[in-house]
Amino acid sequence: MLPPVFGVLFDGIAYGMLLFVLSVGMSVTLGLMNFVNLAHCAFAMLGAYVTVVLMKDFDWNFFATLPMAFAAAALVSVAVERTLYRRLYRASDLDQVLLTIGLAFMSIAIAAWFFGTTQQPIAVPSYMRGSISVLGLNLGIYRMFLVAVGIAVTVLLVLALEHTRFGAQVRAAVDNQRMARGLGIDVDRTFAVTFALGSGLAGLGGALAIEIVGLDPQFALVYLVYVLIIVSVGGLGSIAGSFAAACLIGMSDIAGKYYVPQLGSFLIYLVMVAVLMWRPAGLFGKR
Amino acid sequence: MTTLDAPRTVTPQGYLLRQSRWRPIEVAFWLATLLPFWLFPTYLSLASQIAITGLFALSLDLILGYAGIVSLGHAAFFGIGAYTAGIFSKFVWGEPFSGLVVAAAVAGVVGYASSFIISRFRHLTLIMITLGLGLLLKEAANSAHWLTGGSDGLQGIDIWPVLGVFNFDLYGRTAYGYALGVLFVVFLFARRLINSPFGLALRGIRENFVRMPAIGADSHAHIRKVYTIAAIIAGIAGGLLAQTTQTVALEVLSFERSADVVVMLVLGGAGRLYGGLIGAMVYMIARDQFSGIAPQYWYFWIGALLVIVVMLLPNGILGGLSALLKRWRRR
């Protein structure tokens, strides 16, 4: 028998895994190109709406929609990267912030135009609902699924980065872009592929998030703050950092809302400011 | 650099003197701010909102446009000023000018304290720290329901007539005159500050943070000073809003307000004294018009505007205008 605090921690970790899938792409692209992409959560929102439309209008199974959410976000992000982002790689932080937040604003209005401003509920399969009892704790099945997805994504990403030729190119470009170019690595292409993968993961995260946090057009801004916190706390370009930061922020958020609800989101902002004061480059950041 | 005759040496003093001379267009601009009294008497409360927002954008211009500090939490000082002015009028007295002084002082003290944190960081970490501090303050104000009214807003503000004569009326005549007067006085101060050696040092920090200490100007000390000054001005703007609307909502501390003011400044042209004022004017009038048609799609237009400004007008409206003017003169 475990005390209930473990149940809260488990919910926090499940929430953290969701945030990890949402944010890991942004961490890698920021580390790779120093490109601040505040439209990251707009791609996540796109994935979520793809899932909603496929389930409601085409009666698809929830799991069948997930690859579609990934693919749609990845495709659209490449199109945007080719047409707009490409020109701003050497521009200032401020220009990048403004362009991408502009895109995020537009995505909110477009989503409101097509789907209205109400919440979009979906029905996950009935066997994903409910909870099972483990050592006296009631663990939600969907949350266990989230943890499994989070761990699977982490393992896949780490394996791909550490053991493939492409992963080696990405790591080289993150560590020293000029040197990587000098060695003949096509950093622009590497970046485009990484960007698509990261946005695809965001789309997947958005689809997974509907069941936990709901979906409305404000998603692109509300979760942007969480993603930015995780990226800056974890350190740019670090998968392990994002993982640790997502767990830390997920647990602080859930525990804070459970034990001291009157503080609201105070705790995660406090954690972020404290971590950044202690380590300005984030927990695992090098620069 | 445009003249081809004998090389002239430009001393820093000469440059600053030339910059600080009043141009006819500036005089025309300030005279034009009086026009709404006669031309748009029904839009005076919007005009006072614009003056207040312009003042807020001016304060951000000092740190973002001149010193190059990107802040996504500048609404913190605006909100501190608004709540201070509101609470002061509720519990002490409603004399407007003393209320503004208190609002400025409190915002300045908080700004000075946080400037020690701000000056240590750059780039993304700095953006996130300012964002985090701003959000922390908003959560704190939300929790302190007994003092701020929380999400219900601060009620029961009673402001005495300005100078004991001009009552705050329904049409916003006094509100606009009062806000415009304060804006002008603060603008004169900001203008003097920017056209001083201190202002030059700020631009130096923006261009190269590391090299400035090497020529004897301590970047950290300068950033602490200008951040405090910007906080004071933002506090005055917030105090003005609280006094002219006689209410304070939690929204004054929101992330949206911080983001909006960055958008306005960039739209008008960052690093130019009039950038914030022009940006606030264009933004507020556009919002007033567009949201009358379809409020939920306002975000689309502001987003499109941002993309266009970044892609086509890198120095904002004023930057685009001055580039046009230069090309026209060369002809």
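How many residues does the contact take from chain A and from chain B? Chain A puts in 31 residues and chain B puts in 27. Keep in mind that this is a predicted model.

**Chain B overall**
- Chain B is built with 16 helices and zero strands.
- With a radius of gyration of 20 Å, close to the 20 Å from the globule rule for 331 residues, chain B is as compact as a globular protein of that length.
- The C-alpha trace of chain B spans about 65 × 45 × 40 Å along its principal axes.
- Some 48% of the 331 residues in chain B count as buried.
- Take the contacts in chain B with a separation of 6 or more: 79% of them come from residues 24 or more positions apart.

**Chain B's side of the contact**
- To recap the count, 27 residues of chain B take part, facing 31 residues from chain A.
- Three helices of chain B, namely H7 (123-143), H13 (255-268) and H15 (298-312), each supply at least two residues of the side that touches chain A.
- H7(B) gives the largest share of that side, with 12 residues.
- Sorted by class, the side of chain B that touches chain A has 19 nonpolar, seven polar and one charged residues.

**H11(A) against H7(B)**
- Two packed helices are described by the angle between their axes and the distance between the axes.
- H11(A) passes H7(B) in a left-handed crossing.
- On the H11(A) side, the residues that meet H7(B) are A:Phe266, A:Tyr269, A:Leu270, A:Met272, A:Val273 and A:Leu276.
- Their counterparts in H7(B) are B:Thr125, B:Met128, B:Ile129, B:Gly132, B:Leu133, B:Leu135, B:Leu136 and B:Glu139.

**A hairpin in chain A**
- Which strands of chain A pair in the antiparallel sense over four bridges? They are E1 (residues 131-134) and E2 (residues 137-140).
- A:Val134 has A:Leu137 in E2(A) as its bridge partner.
- E1(A) and E2(A) form a hairpin with two residues between them.
- In the turn, A:Leu135 has a positive phi of about 50 degrees.

How values were computed: Residues numbered from 1 in each chain as written. Chains lettered and ligands numbered in written order. Predicted model: local features only at pLDDT ≥ 70, side-chain atom pairs only at ≥ 80, totals over all residues. Contact = placed C-beta atoms within 7 Å. Nonpolar A, V, L, I, M, F, W, Y, C, P; charged D, E, K, R; others polar. Rg over C-alpha atoms; globule rule 2.2 N^0.38 Å. Buried ≥ 20, exposed ≤ 12 C-beta atoms within 10 Å, placed from the backbone. Pairing = 2+ DSSP bridges. Left-handed = near helix turned anticlockwise from the far one by under 90°.
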